[in-house]
Amino acid sequence: MSLRRQLILDEFAARFGGRPSACVRAPGRVDLMGSHTDYNLGYVMTMTLDRDTWLALRPRADRVVSIQSLNLSGCSDFSLDDITHCEIAPWTEYARGMAWAMQEAGYVLAGFDGLVHSTIPFGSGLSSSAAVEMAVGLAFQIASGIRISPVELALLGQRAENKFVGLNCGILDQYSSALGEAGSALLLDCRDLTHTPAPIADGVAVVVCDTRAPRHLVGSEYDDRHAQCDEGVRLLSAAYPHVRALRDVTVEMLKSCEDALPPVVAKRCRFIVEEDDRVLALAPALTAGDRALLRDLYAASYAGARDLYEIGAPAMEAMMAAMLHAPGAIGARQAGAGFGGCMVALVEADAMEAFAKDVEARYAAATGIEPFVYPVRPSAGAGPVEL
Ligand code: GLA
């Protein structure tokens, strides 16, 4: 038995007594292209990680959810009859939010004892919170004897974030965690809520480069970007009535109206419209392993994120320089919401170790911060685990 299984079984017995009756898992994700395109109903190239959250559970006879984490302290039981917010164990907000969203959608839930263990670094932009939401959503289905499609589960998770946790995010994180596919990136259409697998060429490795710099203002800056895009849609739809989201806008349409937009709004729209095109161009390049195109698409994505969408940070600039100088680098860009956190590089697989060493040394010398650099491989989306 793996160490992780043993740890979870032992700790479950110590905390709740006896054995869990089931266990589920949900992975984190990294976006390979498509920053902030999800809430503009555009495209994202996303990929699950081989890092995930496990949740061992056993249904309870009452309507109480008692959930604990092996990574974070703070236990806070909550009643399904009165789901309140929780300041002493903020990570349980994602479980509470999920319960709230599922009940609001009309599902009749039963309580459970649950123990969480995660290998996804927290707060660095790899969707550790969406993984908790998807795992909790699966746990409620088992405990309550109900079935929900993965797409609906992802939507419920997004609703939990938007309406309970208070982050106005798009569908990317929850969709990736619920519907990811082992061995492949996904080209996600955020309007249709469908995806096509986008296999990555042999010899190309995906490497997460965590700046480990604190992420400032992610919440408020994120909401500002969202509002600026909405403003762009409102103004552009005056000239083009069919425009419902920036997804519907082409570079030509934007050029024809750019002067009528406030400069900040024009910059934000430009980034999103171009980033959507880059996602579509990335799919064949990723599968063919077209190094030159991958490098150019990644360089343009980073430049746009920094100069047009303005989600950069000094630590990201230092990391970008380190990644591009390292042996085996094919392309490098931001990941997640930006403002620090993780970045992502495409690297020649046979140069992976040299790449990681070089990035670590160069970034630490420039910033005084030890980064966290590691390869990731796409794992299956959320589902059961045999204990
Ligand atoms: C965060 C949000 C996602 C998405 C990304 C940026 O991860 O939760 O919905 O908007 O930022 O692409």
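Is R333 buried or exposed in this structure? R333 is buried, with a relative accessible area of 0%, where buried means under 20% relative accessible area, exposed over 50% and partly exposed in between, for a 1.4 Å probe and protein chains only. The model is predicted, so local features need pLDDT of at least 70 and side-chain atom pairs count only at pLDDT 80 or more, while totals for chains, interfaces and linings use all residues. Residues are numbered from 1 along each chain as its sequence is written, and side-chain values use heavy atoms, with hydrogens and water left out.

**Salt bridges**

- Side chains of opposite charge can pair when their charged atoms come close.
- A salt bridge is a side-chain nitrogen of Lys or Arg within 4 Å of a carboxyl oxygen of Asp or Glu, and by this rule the count comes to 27 salt bridges.
- R333 forms one of them with D31, the closest N and O atoms being 3.6 Å apart.
- This pair links distant parts of the chain, 302 residues apart, with R333 in strand 9 (residues 329–334) and D31 in strand 1 (residues 22–33); helices (H or I, at least four residues) and strands (E, at least two) are DSSP runs, numbered from the N terminus.
- D31 counts as buried too, at 1% relative accessibility.
- A network of salt bridges links R29, D31, D173, E275, R278 and R333.

**Two further pairs**

- The side chains of R4 and D52 meet in a salt bridge of 2.7 Å, taken from N to O.
- Because R4 lies in helix 1 (residues 3–16) and D52 in strand 2 (residues 43–59), the pair ties together parts that are 48 residues apart in sequence.
- R4 is buried at 17% relative accessible area, and D52 is buried at 8%.
- D248 forms a salt bridge with R191, and their closest N and O atoms are 2.7 Å apart.
- D248 is buried, with a relative accessible area of 16%, whereas R191 counts as partly exposed at 34%.

**Helix 2 and helix 4**

- The axes of helix 2 (residues 93–104) and helix 4 (residues 150–165) come within 8 Å and cross at roughly 110°; axes are lines fitted to C-alpha atoms, for helices over the stretch in contact, and angles run from 0 to 180 degrees between N-to-C directions.
- Helix 2 and helix 4 are therefore roughly perpendicular to each other, a term for angles of 65 to 115 degrees, whereas those under 35 count as roughly parallel, over 145 as roughly antiparallel and the rest as oblique.
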